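Subject: Structure handover

Hello,

The structure we discussed is below, with its sequence. My notes on what was found in it follow.

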Amino acid sequence: MTIPYFVLTPDRRELPLNVLGTKVTVLASNAATQSYGITLQRGDEGTGPPPHSHDWDESFYVLGGEVEFLCDGAAHMCRPGTLVHVPRGTVHGFHYGKGGGQMLEITGQNALAAQMFAAVDHEIPAGPPDIPKLLAVLERNGVTVAT
């Protein structure tokens, strides 16, 4: 099946999802492209996911601010213009540095990222999360939090 092209202008974007304090705008889901996914992510200082892994590749391109990535135990302070590629199965996490940050995330084929972001936004209210419920939502969407 051939997927038709599409053009997504800023006025046609869905509202950002609230994913534990990070605003995630799904620009193109894997389902929409039948291949890769793209999100725009904005986070306040100190926010970001804990170390985790999943069965899809993803890359992050830092657009603004500073983002500290942890990949397989090594920390990397990333500034605008930095690309971080995370192969499937790699334990990784990040948090936004001073003043917050903004990134593009590109996920590989068969990723459940957009689906997972929507589930967290829908099922986990703002504020301190119910950790067992959050872990269940993540696990259901193919994400394993490192312990």
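One cut-off first: a residue counts as buried under 20% relative accessible area, as exposed over 50%, and as partly exposed in between. Please keep in mind that this is a predicted model.

Two loop residues

By that cut-off Gln34 is partly exposed, because its relative accessible area is 49%. Gln34 sits in the loop that links α1 (30–33) to β3. Its phi is near 60°, which is a positive value in a residue other than glycine.

Leu20 is also not a glycine and has a positive phi, of about 55°. Leu20 belongs to the loop between β1 and β2. With a relative accessible area of 39%, Leu20 is partly exposed.

Overall fold

The chain holds three helices and nine strands. Read from the N terminus, their order is β-β-α-β-β-β-β-β-β-α-α-β. The radius of gyration is 15 Å, close to the 15 Å that the globule rule gives for 147 residues, so the chain is as compact as a globular protein of that length. Along the principal axes, the C-alpha atoms fill a box of roughly 40 × 35 × 30 Å.

Of the 147 residues, 37% count as buried. Taking contacts between residues at least 6 apart in sequence, 64% join residues at least 24 apart. The chain exposes about 8300 Å², and carbon and sulfur atoms supply 57% of that area. On the charge side, there are 9 positive and 15 negative charges, and their mean positions lie 6 Å apart.

Helix α2 and the cores

Which residues of helix α2 (residues 113–123) are buried? They are Ala113, Ala114, Met116, Phe117, Ala119 and Val120. The general point for reading such a list is that an α-helix has 3.6 residues a turn, so residues three or four places apart point the same way. The cover over the buried residues of α2 includes strands β1 (17–19), β2 (22–28), β3 (37–43), β8 (92–107) and β9 (143–145), as well as helix α3 (131–140).

In soluble globular proteins, nonpolar side chains tend to be buried together. Here the largest nonpolar core has 15 residues, and Val19, Met116, Phe117, Val120 and Leu138 touch the most other members. Two or more residues of this core come from each of β1, α2 and α3. Helix α2 gives the most, with five residues. Beyond its neighbours within four places in sequence, Met116 is in contact with Leu138, Asn141 and Val143.

A buried glutamine

Is Gln41 buried or exposed? Gln41 counts as buried, because its relative accessibility is 3% and the cut-off is 20%. Gln41 is found in strand β3. Leaving out residues up to four places away in sequence, Gln41 touches Thr22, Lys23, Val24, Phe60, Phe94, Tyr96, Gly101, Gln102, Met103, Glu105 and Phe117. The C-alpha atoms of Gln41 and Leu17 are separated by 9.4 Å, with the two residues 24 apart along the chain.

Regards

Key. Residues numbered from 1 in each chain as written. Predicted model: local features only at pLDDT ≥ 70, side-chain atom pairs only at ≥ 80, totals over all residues. Heavy atoms only, no water. Helix = DSSP H or I, 4+ residues; strand = E, 2+ residues; numbered from the N terminus. Rg over C-alpha atoms; globule rule 2.2 N^0.38 Å. Buried < 20%, exposed > 50% of the residue type's maximum accessible area, 1.4 Å probe, protein only. Contact = heavy atoms within 4.5 Å. Areas by Shrake-Rupley, 256 points an atom, 1.4 Å probe, with all protein chains shown as cover. Lys, Arg positive; Asp, Glu negative; His and termini not counted. Charge placed at Lys NZ, Arg CZ, Asp CG, Glu CD. Core = buried A, V, L, I, M, F, W, Y, C linked by side-chain atoms within 4.5 Å.
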